[in-house]
Amino acid sequence: MEKYSAEVLEFIQNERLGSDGGFQNQHRVFASKRGWFLRPTVKLDPVAEFFLYDFVYRNRRLFRKSPVDSRRIYGFRIVTGEPIPILSSYSQFKKAIAKHRASYKHYGYFDVAAYFNRIYHHDLVRWFEDVGADEDDVKVFGKFLRETAAGRSVDCLPQGIYPAKMIGSAFLTFLENSSRIRSAQSIRLMDDMWLFDDEPNTLVSDFLIVQSLLSDRGLVVNEEKSTILEGHDPEADLPPNIDEMKVQLLKRRREELTLVAEYGDSDGNSDDDTDLEELSDAEKEYLVSLLRHKTIQEEDAELVLTLMRDHSTDVMEFIPTLISEFPGLAKRLYYFCSDAEDKVEIAAAIKKYLESEVKVTEYQLFWFGKMAEDYLLKTPDVGDLLIGLYEHENATDITKAKILEIPEKRFGLPDLREEQLRTGHSDWLAWAAAVGSRIHAKGQRNQLLKYFRKSSPMNRLLGEFVANCF
């Protein structure tokens with residue numbers, strides 16, 4: 001996108017939005033949640049993903065903040081050309097919860113069960129039309145949702161990327177717009193909503209109305225994560241068994257995450273005055289002690305990985321356990337290992353885990369591949385690790401594509417890429433193989449791409465990109 005955006009936009013106009021064009025059916029993937037639970041979504045192809053970013057940015061004026069201060073919506077908008085950072089929105093949301101719980105006698109909260117997987121295609125299109133979108137954009141939006149989901153009416157909005165989150169958040173504004181909801185204050189971050197009032201009957205009435213409004217759109221409240229008619233108890237703001245040091249470390253975790261961008265990369269603000277204070281010896285020992293517990297909780301493991309990045313040596317002996325016990329932390333483990341000194345030990349731990357009989361998720365395989373590409377290519381066993389990831393029994397097209405796109409000439413990767421480029425397919429494996437071939441000399445690369453480019457318009461776009469930009 002950095003090197004070829006103008007050509008991608010032209011491709012979208014000519015091949016996707018033209019009278020004979022259309023968006024491709026997207027590839028199903030599964031992100032990991034806590035434990036072994038999975039969140040199903042799709043991985044958009046490069047053109048479809050670029051389209052969604054561009055589409056939302058062009059229509060950013062339609063994603064408005066609530067005009068009434070008593071109906072606050074946090075995050076997921078573009079302000080002065082930049083998206084509001086997710087973590088800063090979350091921090092403001094949590095502070096608002098604390099403030100309003102102290103101000104009102106009663107409160108209730110809820111979230112929507114499997115929200116993104118339940119949104120109905122025609123409801124999204126109608127919402128977009130109602131907020132004042134251009135008629136042509138309304139039609140294009142409907143076309144995108146319909147074709148990328150292969151005609152499915154629900155579960156048609158991809159998850160995990162900022163423009164989709166903007167759409168998901170804005171769609172629920174019917175809750176703030178309803179004059180039937182009478183609570184003195186409401187605040188919402190995506191589908192997580194809190195209601196506050198001094199009168200319990202008002203809260204109960206609003207909670208029933210909320211469920212009715214959601215039901216009209218095929219949505220339901222998550223009973224396990226919702227409650228109503230709670231009174232404010234300052235002593236209950238934190239679990240009774242949480243100690244003071246952990247409280248302070250949890251605050252440091254929030255500060256640490258606020259200083260990085262959404263995906264863990266530096267946000268460019270690297271001034272010395274933004275650095276956090278060094279962990280004390282007592283804090284480091286406390287964090288390591290959490291790892292020694294036989295029944296360590298996932299939130300404790302995540303806390304350690306977030307705060308101990310600069311002290312990875314103290315954590316290395318626990319890496320095999322963190323890998324095997326917490327599949328949902330694969331992405332957090334990736335960021336932790338960026339600063340780890342002993343990359344050899346990390347590679348060995350992943351390799352051993354892959355060779356075991358333990359179930360490995362698609363999410364883990366993808367982030368292990370990303371880790372191998374970014375941190376482990378100089379370790380002795382990385383060849384076996386890459387092939388182990390590629391040939392693993394639970395490998396999917398997306399996890400294999402992650403390996404194929406690595407610009408590496410060793411370990412038999414050129415042969416694997418050539419196999420895909422000669423199939424005539426137009427899919428993630430072929431596209432990633434084409435991008436991975438950028439490592440080769442221009443003549444060899446263009447010979448490999450010669451027939452690949454003839455298989456489909458998408459192959460032609462990607463083949464020309466690799467041929468012209470490297």
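**Close-up 1. Crossing of helix 16 and helix 17 in a predicted model.** The axes of helix 16 (residues 362-375) and helix 17 (residues 382-391) come within 10 Å and cross at roughly 155 degrees. Helix 16 is therefore roughly antiparallel to helix 17 (angles over 145 degrees count as roughly antiparallel). Axes are lines fitted to C-alpha atoms, for helices over the stretch in contact, with angles from 0 to 180 degrees between N-to-C directions. Helices are DSSP runs (H or I, at least four residues), numbered from the N terminus. The model is predicted: local features need pLDDT of at least 70 and side-chain atom pairs count only at pLDDT 80 or more, while totals for chains, interfaces and linings use all residues. Residues are numbered from 1 along each chain as its sequence is written, and side-chain values use heavy atoms, with hydrogens and water left out.

**Close-up 2. Residues between helix 16 and helix 17.** Helix 16 contributes Leu 365, Phe 368, Gly 369 and Ala 372 to the contact, and helix 17 contributes Leu 385, Leu 386 and Leu 389 (contact: heavy atoms within 4.5 Å). Six of these residues are nonpolar, one is polar and none is charged; Gly counts as polar, Ala, Leu and Phe as nonpolar.

Close-up 3. His 121 lies in helix 5 (residues 121-130) and, at 6% relative accessibility, counts as buried (under 20% relative accessible area, 1.4 Å probe, protein chains only). Beyond residues up to four places away in sequence, His 121 touches Gly 142, Leu 145, Arg 146, Arg 152, Ser 153 and Cys 156. Ser 153 is 32 residues from His 121 in sequence, with a C-alpha to C-alpha distance of 5.0 Å.

Definitions and conventions:
Helices (H or I, at least four residues) and strands (E, at least two) are DSSP runs, numbered from the N terminus. Angles under 35 degrees count as roughly parallel, over 145 as roughly antiparallel, 65 to 115 as roughly perpendicular and the rest as oblique. Buried means under 20% relative accessible area, exposed over 50%, partly exposed in between (1.4 Å probe, protein chains only).
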